[in-house]
Each structure stands twice: as C-alpha cells, then as structure tokens.
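Please read them alongside the coordinates.

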Amino acid sequence: MTTMLLRGALLPDGSPRDLLLGGGRVIRVAPPGTLPAGPAETDLTGCLLLPAPAEPHAHLDKAHTWDLAGAPPCDLPSAVGAWRDYAEGVTEEDVVSRARRALDELTMNGVTAVRTHVDVLPGDDPLRGLRAMLRLREAVRGRTELQVVVLHLDAPDAVLREAFTLGADVLGGCPHLAADPEAAVARAVRLAGEFGVGIDLHADENLDPASGDLRLLAAAVGRGGFARPVTASHCVSLGAMPDEEAARLAKDVALAGIGVVTLPLTNLYLQGRDHPAPVPRGLTAVRTLLEAGVTLAAGGDNVRDPFNPVGRADPLETAALLVAAGHLTPSEAVHAVTAGARAVLGLPPAGPFEGAVADLLAVRAGSLSEALGAACPDRVVFRAGRIVSRTTVVRELV
C-alpha cells in the first residue's frame, strides 16, 4: 500500500498535526513528530489543511463564453436568450476545450469532485454537449470525480432516454421556466424513476415568493416515495418569503430528504435587477435551511459566461460570499463547499480525520478567516492520497 506522510499541517480547529495517508484514506492523525518517517513526505508547515471542496453545481459547457456570446449585463431571461443564440453554433470540440479549461481551474483551486449540468442543445444534434462532457469525464478519471446532469426544458422523452443510454448520471430541468411547472416536476420524477437516476432541478431561480418549484418537488418526492437522491439548486425565492412560511417549507424539504445547493455568485449577479430599491439579495434562506436540518451545499455555478461575467472557479470564493452575503460563519460556509457539497453528490466523507477519504486541500493560511478573506492562492490538492495539483505564488514588493 502506497503511503504518504504529511508533516506539520494546521487543522481547522487550530491544532498542528501529522497525517499518514494510505490506500486513498487517512490512516493516522497524530501530534507533530510522533509518526515515524515514511518513504514519501510532504511538509505542510504553515498550511491549513481542509477537506477538499466539491463543486455541486457547475455549467462547464457554458464556461468562458462571456466574451464570445456578446451578452450585456443582464437578468436571467436575457442570459438564457444570449446563451441560446450562441449555443446554435456550439460544437462538441468547442465544449470539450472550454470545459477542460474550467475543470482544470477548479482542480487547481482544490476541487476533487464536480457535478456539471450540460444543456440539451438546439439543432439536429442535441446531445453534442453531453458527448463532450462524457469524454471529459473519462479523461479526468482518477483525478476528478465528474457527475453529469442532463439539463433541459422540454426535450422529448426519446432524447433524454438516449442521454442516459450514453452514460449521463442525473436528470435536470428548470420547472420555473416551463409553461406548467407542476407538470414539469411530475415529469422529472416520472422519468428519473424510469431511468433509475437522481434528480437535480434548477428550482425557483427568481425572487417571486409565490414561485412553487421547491414546494412541488417536496410534495412529489414525499408523496411518491422516490428512492433516488434529489437536489434542488438555487431556490432563490425561499429567501424572499416571510420567515414563518420559509421555515415551514424548509422543514418539508428536510423531511423529503432533498439537498439544496445555494449559488451566491451568479444569483447575486442576476437577481434583483427589476427591483429598483431596495434591491433584495439573490440568495436562498441559508440559515433557515440549516436550522430545518436540510443538507446545504454551495457552488460556483457559472464561470465567465452569459449568466455571470466573473467567477474564479474557486470554492473559497463561494464560501466567502456565504459569509458576507449569507451571514454564515466561516466554518459553516466552508462546510457548505466541502462536506455539504460531497453529501449532495452522494460521496463519502473526506478530510483530515482518520478513516476519511484522503481528498484534501492545503492552503497557506493560519486560519479559516485568512483562507477565505485573503483568497490564499498557494495550495496543494490531494485526491485519494496523492498530489494532483500544486500552486506556488511569488509576490515581490519593489
């Protein structure tokens, strides 16, 4: 069994520790200097050691198209229109190239598992984007766990059946953009059951407190006894509801076993443009969800595409936004991009504790607040106990 010894890492609780890794897991965690020397050692003195983040909601097929698509600063409907126009000419090779760039950025920032949505595209070959993502999934196997969600509005059943025959993992959708959201949710549950896959819906991506995707999904899943994992992403309207109503819905979501992914960067950019004053926050009710016992994850969503011209593909940026805009503590925010994200993806726990999967992120920082606040770029990324990325930055003051 190949082993690696990590020396002098600082754990999130502030204690320095040495870790012995082997067989893809953390074997021992001990005070510095108490573990015997090993054949392979990495000095992590001065580094904070965290569970490796997971990205629970990406759009790798859209990444890096802001300049190409010519989208102006816009709200969600305008962004959807700009992307649809651009997507007419998207090729499989184009998607592979841009998605690989974005995935590499995620890896270098610490991410070892990604769930990406991929559109059913317009034209005679609607699954060209999916084929590109499946190629990428194979290319990064062993370095990154890549889950692929088929995102559609009203694709025929036959097209979706072919998508899962090709190897897609999860069924997606956008009920709030459908003519009949209730029918769209019911169809998603029916098809996911037929295909034997989980569900991850873009839900209530608006500030209308009457938007009903999350409520419909909780009722459909609870009523039908759906056995596969279910995720609702965005859920922005929950943050616009009165407190008591939001709390009741959050409890229903928890009872239904639905995980929620909040996406602060894109939603803060897109939402609220039709509210001249006061402009509301484009966030779901993260505190309410946590208090109800909902599994809460956080993701980066879009990376410099028509839906968001910024973004660094960095989960620590997402966590920092949850602290500033969502009023979570640093530890709660980091949990959302690490353990919470892995839970939504159905992955076993990872982190610097014995028995965990040895997916780890070492950041040159002395505390969580420094790691989030300074966006520390010096990082070492471990996947199953081996180094898959190392970033070292030299800064000179002249």
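This is a predicted model: local features need pLDDT of at least 70, side-chain atom pairs count only at pLDDT 80 or more; totals for chains, interfaces and linings use all residues.

1. Residues are numbered from 1 along each chain as its sequence is written, and side-chain values use heavy atoms, with hydrogens and water left out.

2. Rings of Phe, Tyr and Trp (its six-membered ring) pair if their centres lie within 6.5 Å; planes under 30 degrees apart are stacked, over 60 edge-to-face, and the rest tilted. The count comes to two aromatic pairs. W83 and Y86 form a tilted pair, because their ring centres are 6.0 Å apart and their planes lie at 40°.

3. W83 and Y86 are three residues apart in helix α2 (residues 76-87), so about one helical turn separates them. Helices are DSSP runs of H or I of at least four residues, and strands are runs of E of at least two, numbered from the N terminus. W83 is buried at 3% relative accessibility, while Y86 is partly exposed at 21%. Buried means under 20% relative accessible area, exposed over 50%, and partly exposed in between (1.4 Å probe, protein chains only).

4. R273 sits over the face of Y269, 4.6 Å from the ring centre. The criterion is CZ of Arg or NZ of Lys within 6 Å of the ring centre and within 35 degrees of the ring normal.

5. In helix α7 (residues 213-224), the buried residues include L214, L217 and V221. Among the elements covering the buried residues of α7 are α6 (181-195), β10 (198-203) and α8 (243-256). Just after α7, G225 has a positive phi of about 60°.

Technical notes. Contact means heavy atoms within 4.5 Å.
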